[in-house]
Structures are given as structure tokens and as C-alpha cells.
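Here are my notes on this model, point by point. Please read them with the coordinates open.

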Amino acid sequence: MLANVGRRTRAARARRRGYTMQHAVQVAIARFPDRGHAIAELARTDEGFQSLCEDFAAAQAALVHWGRSSSPVREARCAEYRELVRDLAVEIQAELDRHSQE
């Protein structure tokens, strides 16, 4: 019985991971709509690129969160996340460029 619970838990985590990856890819495609096919293909085949997309989506979400915050550190956090989003976008673009030349 407990073995089945473990398998179901692993399966649920895998589904969530798949959803997270799909969401992250969609966030990257929203940033680079003209390269959507390349983003989807690279994310499907390259775990490092998947991770980069997930980091980008998480930074975007954090930027939105802090943008809505009433915290006294709101402006500082927004500036930090804007810079992080910008840096990650540059990395995504560089990876796409590198793979388009292969």
C-alpha cells in the first residue's frame, strides 16, 4: 500500500514539473514570440535551457509580486528583479543564437 502512495506522489511531482516547465517555456515565448518554435524545441531537448526558462519565469513572477507589494522595500526588490529578468533574457537569447548556428 505505501509503495503505491510513493509512486503516486512521484507521478504527481512529475506532472507538476511538466506543468512548471510548460509554463516557463510559455513565459519565455511571450518574451521572444518570434522565436517560439526554437524555444519550445530547445527546452524539450536541453535541461539547462529548461532550467534557464524556469529561472526566467520565476524572476518574472517575483517582479510582478513585488510590483504589487506595499512593502517599504518594494522599489529595491523591483529594481533587483528587473535586472535579473533582463540578464536572464540576455542569456536565453544567447542560447537561442548559439543553437541556431549549430
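1. Start with Leu96, which lies in helix H4. Helices (H or I, at least four residues) and strands (E, at least two) are DSSP runs, numbered from the N terminus. Leu96 is buried, with a relative accessible area of 3%. Buried means under 20% relative accessible area, exposed over 50%, and partly exposed in between (1.4 Å probe, protein chains only).

2. A word on the basis. This is a predicted model, in which local features need pLDDT of at least 70 and side-chain atom pairs count only at pLDDT 80 or more, while totals for chains, interfaces and linings use all residues. Residues are numbered from 1 along each chain as its sequence is written, and side-chain values use heavy atoms, with hydrogens and water left out.

3. What does Leu96 touch, leaving aside its neighbours within four places in sequence? Its contacts (heavy atoms within 4.5 Å) are Arg35, Ala38, Ile39, Leu42 and Phe49. Leu42 is 54 residues from Leu96 in sequence, yet their C-alpha atoms are 7.9 Å apart.

4. Now the helix pair. H2 (residues 36-45) packs on H4 (residues 74-100) at about 85 degrees, with the axes 11 Å apart. Axes are lines fitted to C-alpha atoms, for helices over the stretch in contact; angles run from 0 to 180 degrees between N-to-C directions. H2 and H4 are therefore roughly perpendicular to each other. The classes are under 35 degrees for roughly parallel, over 145 for roughly antiparallel, 65 to 115 for roughly perpendicular, and oblique for the rest.

5. At this contact, H2 supplies Ala38, Ile39 and Leu42, and H4 supplies Glu95, Leu96 and His99.

6. H2 has two sides. Gly36, Ile39, Leu42 and Ala43 are buried. Viewed down the axis of H2, the buried residues fall within an arc of 135 degrees, so they line one face of the helix. The arc is that of the directions from the helix axis to the C-beta atoms. His37, Arg44 and Thr45, on the other side of H2, are exposed.

7. Which residues touch the most other members of the largest nonpolar core? They are Ile39, Phe49, Cys53, Phe56, Ile92 and Leu96, out of 23 residues. A nonpolar core is a set of buried Ala, Val, Leu, Ile, Met, Phe, Trp, Tyr and Cys residues joined through side-chain atoms within 4.5 Å. H3 gives the largest share of this core, eight residues.

8. Overall, the protein has four helices and zero strands. Buried residues make up 29% of its 102 residues.
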